[in-house]
Amino acid sequence: MNELLDRYLATWNERDADKRRAMVDELWADGGTYTDPLADVRGREAIDATIAAVQAQFPDFAFRPGEVFDAHHDIARFTWELGPADGEAVVVGFDVAVLDENARIRAVHGFLDKVPAM
């Protein structure tokens, strides 16, 4: 599960579109879903597009693991941070990932604990 978290965050940080799409295809199950307060998408293409949109909104930021990671059976919960590499996180979230029988992500349910003021 720790490797899964590393691969998940690496996918969100990958700026090369072709490499990112290959990572999404490898990590996510067919028909996988991603849901947070700002997105509700199904399928690898839509997940990849969501990641690209977040990268466009925060071009100089990177995702990093937060302090919480816990897993059992086919479920993992973890916190993450988004911000400049050498600075304070601007966005902090909490995700719950559900895996399929092949250890691919079937669903991510995301929550935003800290967001920038608009």
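Predicted model: local features only at pLDDT ≥ 70, side-chain atom pairs only at ≥ 80, totals over all residues.
Local features were considered at a pLDDT of at least 70 and side-chain atom pairs only at pLDDT 80 or more, whereas totals for chains, interfaces and linings use all residues. Residues are numbered from 1 along each chain as its sequence is written, and side-chain values use heavy atoms, with hydrogens and water left out.

Side chains of opposite charge can pair when their charged atoms come close. With a salt bridge taken as a side-chain nitrogen of Lys or Arg within 4 Å of a carboxyl oxygen of Asp or Glu, the count comes to 8 salt bridges. One of them joins Arg44 to Asp30, with 2.9 Å between the closest N and O atoms. This pair links distant parts of the chain, since Arg44 belongs to helix α3 (residues 44-57) and Asp30 to strand β1 (residues 28-36), 14 residues apart; helices (H or I, at least four residues) and strands (E, at least two) are here DSSP runs, numbered from the N terminus. Accessibility is expressed as relative accessible area, buried meaning under 20%, exposed over 50% and partly exposed in between, for a 1.4 Å probe and protein chains only. On this scale Arg44 is buried, with a relative accessible area of 16%, while Asp30 is exposed, at 65%.

A salt bridge is also formed by Arg64 and Glu81, whose closest N and O atoms are 2.9 Å apart. Arg64 lies in strand β3 (residues 62-72) and Glu81 in strand β4 (residues 75-83), so that the bridge ties together parts that are 17 residues apart in sequence. Arg64 counts as partly exposed at 21% relative accessibility, and Glu81 is likewise partly exposed, with a relative accessible area of 23%.

For the salt bridge between Glu88 and Lys114, the closest N and O atoms are separated by 3.0 Å. Distant parts of the chain are again linked, with Glu88 in the loop between β4 and β5 (91-99) and Lys114 in strand β6 (residues 105-114), 26 residues apart. Glu88 is exposed, with a relative accessible area of 62%, whereas Lys114 is partly exposed, with a value of 32%.

Turning to the helices, α1 (residues 2-13) packs with α3 at an angle of about 60 degrees, the two axes being 9 Å apart; the axes are lines fitted to C-alpha atoms, for helices over the stretch in contact, and angles run from 0 to 180 degrees between N-to-C directions. This makes α1 oblique to α3, given that angles under 35 degrees count as roughly parallel, over 145 as roughly antiparallel, 65 to 115 as roughly perpendicular and the rest as oblique. In the contact (heavy atoms within 4.5 Å), Thr11, Trp12 and Asn13 of α1 meet Thr50, Ile51, Val54 and Gln55 of α3. These residues divide into 3 nonpolar, 4 polar and no charged, where Ala, Val, Leu, Ile, Met, Phe, Trp, Tyr, Cys and Pro count as nonpolar, Asp, Glu, Lys and Arg as charged, and the others, Gly among them, as polar.

In helix α2 (residues 17-27), the buried residues are Arg20, Val24 and Leu27. Viewed down the axis of α2, these residues fall within an arc of 75 degrees and so line one face of the helix, the arc being that of the directions from the helix axis to the C-beta atoms. An α-helix has 3.6 residues a turn, so residues three or four places apart point the same way. The buried residues of α2 pack against α1, β1, α3 and β6, while Asp18 and Lys19 are exposed on the other side of the helix.

Glu14 is placed in the loop between α1 and α2 and is partly exposed, at 22% relative accessibility. When residues up to four places away in sequence are not counted, Glu14 touches Lys19, Arg20, Met23 and Gln55. The C-alpha atoms of Glu14 and Gln55 are separated by 9.0 Å, although the two residues are 41 residues apart along the chain.

As regards backbone geometry, His73 has a positive phi of about 50 degrees although it is not a glycine. His73 is situated in the loop between β3 and β4 and is exposed, with a relative accessible area of 77%. Ala103, also not a glycine, has a positive phi of about 60 degrees; Ala103 lies in the loop between β5 and β6 and is partly exposed, with a relative accessible area of 46%.
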